[in-house]
Amino acid sequence: MPDIMGKMDIAFPHLNIYLENVPKSFTVFGFSIALYGVIIGLGFFLALILISKIAGATGQNPDTYWDVATFVIVFSIIGARIYYVFFAWDYYKDNPISVFNIRNGGLAIYGGVIAGFLTAFIYCRIKKVNFFLLTDTIMPGLLLGQVMGRWGNFTNREAFGEYTDNLFAMRLPVEAVRSGEITELMKAHMVEGTNYIQVSPTFLYESMWNLCLLIIILLYIKHKKFDGEIVLLYLGGYGLGRFWIEGLRTDQLIMHTTGLPVSQMLAMCLVVFSVTAMIIKRLKMREK
């Protein structure tokens with residue numbers, strides 16, 4: 001591995017992987033298109049394909065999900081941005097116009113999920129659709145979108161963790177990342193004569209965690225005991241993984257009043273809620 005990395009290079013030294021000139025964007029007819037947005041968009045599309053397949057296999061009308069997707073996608077993106085900006089306001093307060101620039105990232109998945117659930121709930125109330133059945137069907141698609149979406153963080157050189165020297169350690173040139181995300185521990189492990197930091201690829205950890213959760217849910221979905229069970233599995237499984245992974249990240253969104261990582265707190269609440277709800281529901285089913 002070279003001591004001096006190119007500005008757009010990314011390396012995984014212990015896996016003997018060195019990627020040169022990994023772009024953040026590409027140009028079409030003079031217009032710059034961010035890879036982050038392309039990956040997110042592709043994730044949404046493939047998620048809808050999967051959701052439609054599941055809907056058809058379970059006797060539902062796939063058109064319902066293409067219909068609701070129009071609203072869920074728009075409001076999920078808005079919710080993800082609002083959530084991120086709210087908890088990172090110190091970064092945006094001196095340049096409010098940058099709030100509208102999402103080309104460089106800045107979407108929080110929890111904000112998107114919350115907004116998506118609310119949008120789906122309102123849609124179901126208006127259209128008289130079973131909310132829990134609909135969200136059970138959507139969950140695998142959501143997970144697929146999350147699996148892919150984290151690779152947008154990879155191209156943006158964001159959502160990484162503290163210094164590590166484990167098997168999956170990732171090297172990034174210092175000029176490719178935001179200076180505020182370079183910790184003292186990272187600086188302390190920079191070798192003289194080099195220009196990179198070595199970090200935990202938490203985007204990779206979360207992508208792989210979500211992929212495993214997706215496989216489990218796809219295997220289990222035909223055996224679910226009640227509508228809403230897949231949602232609870234998602235909330236608990238994703239929350240458990242996010243609680244661990246969030247503790248490794250250096251770009252945490254902090255709860256203003258407590259100083260604690262807001263995503264980590266929310267993740268644990270989701271785990272407790274899902275386990276409690278699952279137990280209560282199964283006990284009620286036994287009583288019947």
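User: Let's start with Tyr 123: buried or exposed?

Analyst: Tyr 123 is buried, since its relative accessibility comes out at 9%. Bear in mind that this is a predicted model.

User: Which ring does Tyr 123 pair with?

Analyst: Phe 71. The two ring centres are 6.5 Å apart and the planes sit at 40°, so this counts as a tilted pair.

User: How many aromatic pairs does the structure hold?

Analyst: Eleven. Another one is Trp 151 with Phe 154: their ring centres are 5.4 Å apart, and because the planes are at 70° the pair is edge-to-face.

User: How far apart are Trp 151 and Phe 154 along helix H5?

Analyst: Three residues, which means about one helical turn between them. Trp 151 is partly exposed at 31% relative accessible area, whereas Phe 154 is buried at 11%.

User: OK, switching to helix packing. What's the geometry between H1 and H2?

Analyst: H1 covers residues 35–57 and H2 covers residues 62–87. They pack at an angle of about 150°, and their axes are 10 Å apart. The crossing is right-handed.

User: Which residues meet there?

Analyst: From H1, the list includes Phe 44, Phe 45, Leu 48, Ile 49 and Ser 52. On the H2 side, Pro 62, Tyr 65, Trp 66, Ala 69, Ile 73 and Ile 77 take part. By type, the residues of that contact split into twelve nonpolar, two polar and no charged.

User: And the core? Which residues have the most contacts inside the largest one?

Analyst: Tyr 83, Met 139, Tyr 234 and Leu 253, in a nonpolar core of 36 residues. Several helices each supply at least two residues of this core, among them H1, H2, H4 (109–127), H5 (131–156) and H9 (262–287). There's also a second, separate core of 14 residues, which includes Val 22, Phe 160, Met 170 and Val 199.

User: Back to Tyr 83. What is it in contact with, neighbours within four places aside?

Analyst: Ala 108, Tyr 110, Gly 111, Leu 253, Val 262, Ser 263 and Leu 266. Leu 253 there is also one of the residues with the most contacts inside the largest core.

User: What about Glu 246: buried or exposed?

Analyst: Buried, with a relative accessible area of 2%. Glu 246 is found in helix H8. Leaving out residues up to four places away in sequence, Glu 246 touches Gln 252, Leu 253, Pro 261, Ser 263 and Gln 264.

User: Last one, Met 278. Where is it, and what does it touch?

Analyst: Met 278 is in helix H9 and is buried, at 14% relative accessible area. Not counting residues up to four places away, Met 278 touches Phe 226, Glu 229, Leu 232 and Leu 233.

User: And how far is Met 278 from Gly 228?

Analyst: They're 50 residues apart in sequence, and 9.4 Å apart in space, C-alpha to C-alpha.

Notes. Residues are numbered from 1 along each chain as its sequence is written. This is a predicted model: local features need pLDDT of at least 70, side-chain atom pairs count only at pLDDT 80 or more; totals for chains, interfaces and linings use all residues. Side-chain values use heavy atoms; hydrogens and water are left out. Axes are lines fitted to C-alpha atoms, for helices over the stretch in contact, and angles run from 0 to 180 degrees between N-to-C directions. Helices (H or I, at least four residues) and strands (E, at least two) are DSSP runs, numbered from the N terminus. A crossing is left-handed if the near helix is turned anticlockwise from the far one by less than a right angle, and right-handed if clockwise. Contact means heavy atoms within 4.5 Å. Ala, Val, Leu, Ile, Met, Phe, Trp, Tyr, Cys and Pro count as nonpolar, Asp, Glu, Lys and Arg as charged, and the others, Gly among them, as polar. A nonpolar core is a set of buried Ala, Val, Leu, Ile, Met, Phe, Trp, Tyr and Cys residues joined through side-chain atoms within 4.5 Å. Buried means under 20% relative accessible area, exposed over 50%, partly exposed in between (1.4 Å probe, protein chains only). Rings of Phe, Tyr and Trp (its six-membered ring) pair if their centres lie within 6.5 Å; planes under 30 degrees apart count as stacked, over 60 as edge-to-face and the rest as tilted.
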